[in-house]
Structure formats: C-alpha cells, structure tokens
Amino acid sequence: MKAGIIGGGISGLTVAYYLQKMGISYDIFEQGEFPGGNIKSTITKNYVLEMGPNALHMTPELETLIRELKLEDEITEPKAEAGNRFILQHGHYQKLPETILQLISSNFFSWKTRYKIMQERFLEPQPADPLETVSHFIERRFNREVVEKAVEPLVMGLFGGDPEQLLIQKTFPQLVKFEAEYGSVLKGLMKSKAEGRRIFSFKNGLQTLPLVIASKLIELHTNAQVEMVTRSHGKFIISTSSPEYTSSEYDILVLALPAHRATSLLEFTFPGVAAALRNVNYPPACVVHSVYRRTDVKFPLKGFGALHPKTEHQFSVGSVWNSSVFEGRCYEDEVLFTTMIGGAKLKANAQKPRAEILKAVHEELQRNYQISAERPVFQHFYMWNHAIPQFDIFIEDAQELVKTLESENVFVASNWNSGISVPECVKQAAEVAKKIQALAASQTG
Ligand SMILES: Cc1cc2nc3c(=O)[nH]c(=O)nc-3n(C[C@H](O)[C@H](O)[C@H](O)COP(=O)(O)OP(=O)(O)OC[C@H]3O[C@@H](n4cnc5c(N)ncnc54)[C@H](O)[C@@H]3O)c2cc1C
C-alpha cells in the first residue's frame, strides 16, 4: 500500500514523517523549493523574520515530535514580559487584563461591562447552535463592548477573521464547551488559565520544525507541483510538474494543501467536494517587518505585541514586538516589529501597492510607539494572497463532505480541516497517519 501526499506544509510533512516511521510507503509532493508552507522564516542581516506564525503554543503532540527530532536545544523560550498583550484604546495601548482580579481593578472595560462579565456565571446556558457566530455568542454571554474591545481585535489578529462571520463552534470550540460543561464561559476560562500554556519558537525561526522533519524524509519531492489527480481501477494517479514524477500510482491520497488548491485537483474525481472547497474563503494579508534603533522608540515594548480594534481606524491589524518576545531576533540596540495588514475586515489595505503599505505601516508605528526616526533602519514585506482559511458557514460543508472521502481512501490533513493553529495541524496529521496504518493493517491482515 502506498500513499500520495500533496502539500509539504507542516500537515503533509507530519503525515509523511509518521507513515515513514510506521513503515508505510509514501511520496510527498511540494510545489515549492522549500517545505514549510505557512511556516516561513528568513534570516537576513542578522534579523530572524517570520512571515507566518511568530510563536507556537506547546502541546503534548508538538513536544513528542520535537523530542523525537532532537530539537530541544534549538528551542528558544519567551522573555518574562512576553505574556503581556496590549490593545489600542482611544489611541493608547492598554494592557489586556490577564486575571479576573486584574479585570475588575483595571479600567480596560467600563464598570457596566465589568459587572456584566462577573454576572456571566449566573446566566442560563443555551444549547449549542452550530451556526452561531463568534460575535453573537460573546454578546449573548457578555456584551457588545467585549466584542469590540477584545474579541474582534483578537479574531482579526489570530485568524485574519471577522467575528460577525466566523462560527464560534469552529473558531473557539473551547468556549462552547465551557458553556456546556460549567454553565459559564468565565468559570471555564478561570479553570483553563490555571492550567497555563507556554509559547516557544526556535533560535533560527519556526521554519526549523518543517525543515528538520523534511530532512528525515526519504520520499519528499520538492519543486513538484501536482497538476492533476485521476482515478483508474481503484488507484489514484498523481501527475506533477517534476520530470521525475510525471505520473505515479497510489492506493491512498492525502490532501495536505489549501482548499482552493485542492479544488482543481478534485474536479474530475470528486466534483461535489471540489465545489464545496471552492467556497472556502481565504482573505489576503501581508506582513511587514520593521527595525528601529531602540533609542528612537519612546514606548516601552514590554509585551508580546498589540492589536487594533476596528473602532480605532488603524491601517494594520496590529504588531508583534519580536525583540521583546525572544532573544536574538535583531541587534541588542534595535527593536523588531512584525505588523499584519489585511484579513477579512481590512482586506483592501493588503491590496494597496507595496510602497503605500510600507509608508502607512511606518507612519502608524511612528504615531503609536512615539518613534522619532524618519524611517526604519530596515523594512521587509511579504504577501499572502490567500492567508488563513475562514471558519465561517462555508467551512461546514467542506469539512462535512471531506469526511465522506475517507471511505474512498482519501484523507485530509490541512489547516482548513484540522483547525488553524500549527499544534492542531500536527495533531490531525498524526491521526491521519494512524488511520492509514489501520487501513493498511486491515488490507494485509
Ligand atoms: C500570516 C500567518 C500567521 C499565522 N500565525 C499563526 C500563529 O501565530 N500560530 C499558529 O499556530 N498558526 C499560525 N498560522 C497558521 C499556521 O501557520 C497554518 O495553519 C499552518 O502552518 C498550515 O499548515 P498546512 O500544512 O495545513 O498548510 P500550508 O502551510 O498551507 O501547506 C500547504 C502546502 O501545500 C503546497 N501546495 C499547494 N498546492 C500544491 C500543489 N498543487 N502541489 C504540490 N504542493 C502544493 C504549498 O506550497 C504548501 O507548502 C498563521 C498563518 C499565517 C498565514
């Protein structure tokens, strides 16, 4: 039995890694020169720049993978102050309260809202509604101020999303679980906060993880774009742009590529699924890295970064303060910002000409962080034409339909099916490898 895996992002690489460990034959095809997909790091002029994720949450699945790959020594831990998150309010960055005590004593929310938050514990829980949006859920349990001041900027920053469109069950399933289990989101949050979650990166950036997985794989084929998938006598025939792999046969197909890219490949074999995948929405986003001399920045950068609510009318979604999060991201006497522009609510800004974006980002940083420099010491731009898949009503159909493909020996390991975060991608990829192992065992046994 042989599996053909399409896509060399973290999901496809993890499936391939576990299949190889299980002794199951596979080929993995990646269109690009380097594997990693959305996890993309660049080291230039001593700056460690991230185009995708800047930090990951450690989970048991990631811990196992990192231990097996002997990558522990490459890990970089966050600085003590990196736990602080800021939100712009009336033109000033305000620290997001971390504990209930901080929430009550700070003036981040109005008195009325703080009272509402405390009262949430006594609200009647409602039965889960699969079509309830993030903003509706938060407004129902708390109020509009919580949506606008905290949840909306968070959703824009994490998912490039719009809380009026994203489904609560798909975006924050944990919150729905808290309502069901404890009868209160607040009670659930207090309990989960006590458990804690640590963030980390690697000294040379997060792409270390996919690159090291790739280095272990015997059958990874880069510069091999899959152009067509057909089916004949129960076998999948994968045709690629690589002269070595013009056409090869597989018993199992693993889709580890974005939904919009899978659409054209499934058009002939599974047209119904292809149609559903076409509707999955990927708003554009771009990322700007800016370096300034530390002495030119008046604002104390003591935290992970800051986000902008829509009501503040800013150009960007917000920035990560990389030099305050991990050591060695730039020279000691400099600071590095990674700014995200675009996403579902600010799409038009990501589509402006590059020079205009760079100028607008510099002016915004200058204003918000009281930067005296005329220009940054260094700027870098990266465009994601299709950034993060949106878990809105269209994802429901796509996820439901791809489940039916498993009986046809087609498995999906990709962020639009697993969940957006890298830990979720790794978890699902490990599960897909196990399913393939069980299938192989059932056919030989
Ligand atoms: C700007 C940004 C910020 C993010 N921030 C975070 C964060 O802070 N924390 C976090 O956990 N996650 C974050 N994410 C999300 C996370 O990085 C992704 O969800 C995850 O990396 C997706 O992995 P994947 O393998 O499922 O898909 P991808 O990374 O999209 O990989 C798919 C691969 O398929 C390849 N491919 C496509 N078509 C073909 C074809 N026809 N033939 C061959 N290969 C093909 C692509 O080149 C790509 O390498 C962020 C993402 C972005 C874009």
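Leu277 touches Ala259, His260, Ala262, Thr263, Leu266, Ala398, Val402 and Trp416, leaving out residues up to four places away in sequence. Contact here means heavy atoms within 4.5 Å. The model is predicted: local features need pLDDT of at least 70, side-chain atom pairs count only at pLDDT 80 or more, and totals for chains, interfaces and linings use all residues. Residues are numbered from 1 along each chain as its sequence is written, and side-chain values use heavy atoms, with hydrogens and water left out.

Leu277 is one of the residues with the most contacts inside the largest nonpolar core, together with Ile6 and Ile138. That core has 72 residues. Helix α6 (residues 144-159) gives the largest share of this core, seven residues. Apart from this core lies another, of 43 residues, including Ile24, Leu69, Leu206 and Val254. A nonpolar core is a set of buried Ala, Val, Leu, Ile, Met, Phe, Trp, Tyr and Cys residues joined through side-chain atoms within 4.5 Å. Buried means under 20% relative accessible area, exposed over 50%, and partly exposed in between (1.4 Å probe, protein chains only). In soluble globular proteins, nonpolar side chains tend to be buried together.

## Ile6 in strand β1

Ile6 sits in strand β1 (residues 2-6). Helices (H or I, at least four residues) and strands (E, at least two) are DSSP runs, numbered from the N terminus. Ile6 has a relative accessible area of 4%, so it is buried. Leaving aside neighbours within four places in sequence, Ile6 is in contact with Phe29, Val226, Val229, Ile238, Leu253, Val254, Leu255, Ala256, Leu257 and Leu265. Ala80 is 74 residues from Ile6 in sequence and 40 Å from it in space, C-alpha to C-alpha.

## Domains

The chain is divided into domain 1 (2-38 + 207-281 + 391-444), domain 2 (40-98 + 198-203 + 283-387) and domain 3 (109-195). These bounds come from an automatic or database domain assignment. The centres of domain 1 and domain 2, taken over C-alpha atoms, are separated by 30 Å. Their contact takes 18 residues from domain 1 and 19 residues from domain 2.

## The second largest pocket

The second largest pocket holds about 160 Å³ of space. On a 1 Å grid over the protein atoms alone, a pocket is an open set of points where a 1.4 Å probe fits, with protein on both sides within 12 Å along at least five of seven lines; lining residues have an atom within 4 Å of a point. Grid points are joined across faces, edges and corners, and the volume is the space filled by probe spheres set on the points. Domain 1 and domain 2 both give residues to the lining, so this pocket lies between them.

The lining consists of Tyr18, Met22, Pro60, Glu61, Thr64, Val426, Lys427, Ala430, Glu431, Ala433 and Lys434. The elements that give two or more residues to it are α1 (10-22), α2 (60-68) and α18 (422-444). The largest share, six residues, comes from α18. By type, the lining divides into six nonpolar, one polar and four charged residues. For this count, Ala, Val, Leu, Ile, Met, Phe, Trp, Tyr, Cys and Pro are nonpolar, Asp, Glu, Lys and Arg are charged, and the others, Gly among them, are polar.

## Gly205 and Leu206

Gly205 lies in the loop between β9 and α10. Leu206 is found in the loop between β9 (199-202) and α10 (208-216). Gly205 counts as buried, at 0% relative accessibility. Leu206 counts as buried at 1%.

Contacts follow, leaving aside neighbours within four places in sequence. Gly205 is in contact with Ser41, Val48, Glu50 and Arg329. Leu206 is in contact with Ile39, Ser41, Glu50, Pro53, Asn54, Ala55, Leu56, Phe200 and Ser201. Leu206 and Leu56 are 150 residues apart along the chain, yet their C-alpha atoms are separated by 8.3 Å. Gly205 and Asn322 are 117 residues apart in sequence and 11 Å apart in space, C-alpha to C-alpha.

Ile100 is found in helix α3 (residues 100-105). Its relative accessible area is 23%, so Ile100 is partly exposed. Ile100 touches Met118, Leu186 and Met190, not counting residues up to four places away in sequence.

His90 has a positive phi of about 50 degrees although it is not a glycine. It is found in the loop between β7 (85-89) and β8 (92-95). At 68% relative accessibility, His90 counts as exposed. His313 also has a positive phi of about 50 degrees and is not a glycine. His313 lies in the loop between β16 (305-307) and β17 (318-320). With a relative accessible area of 70%, His313 is exposed.
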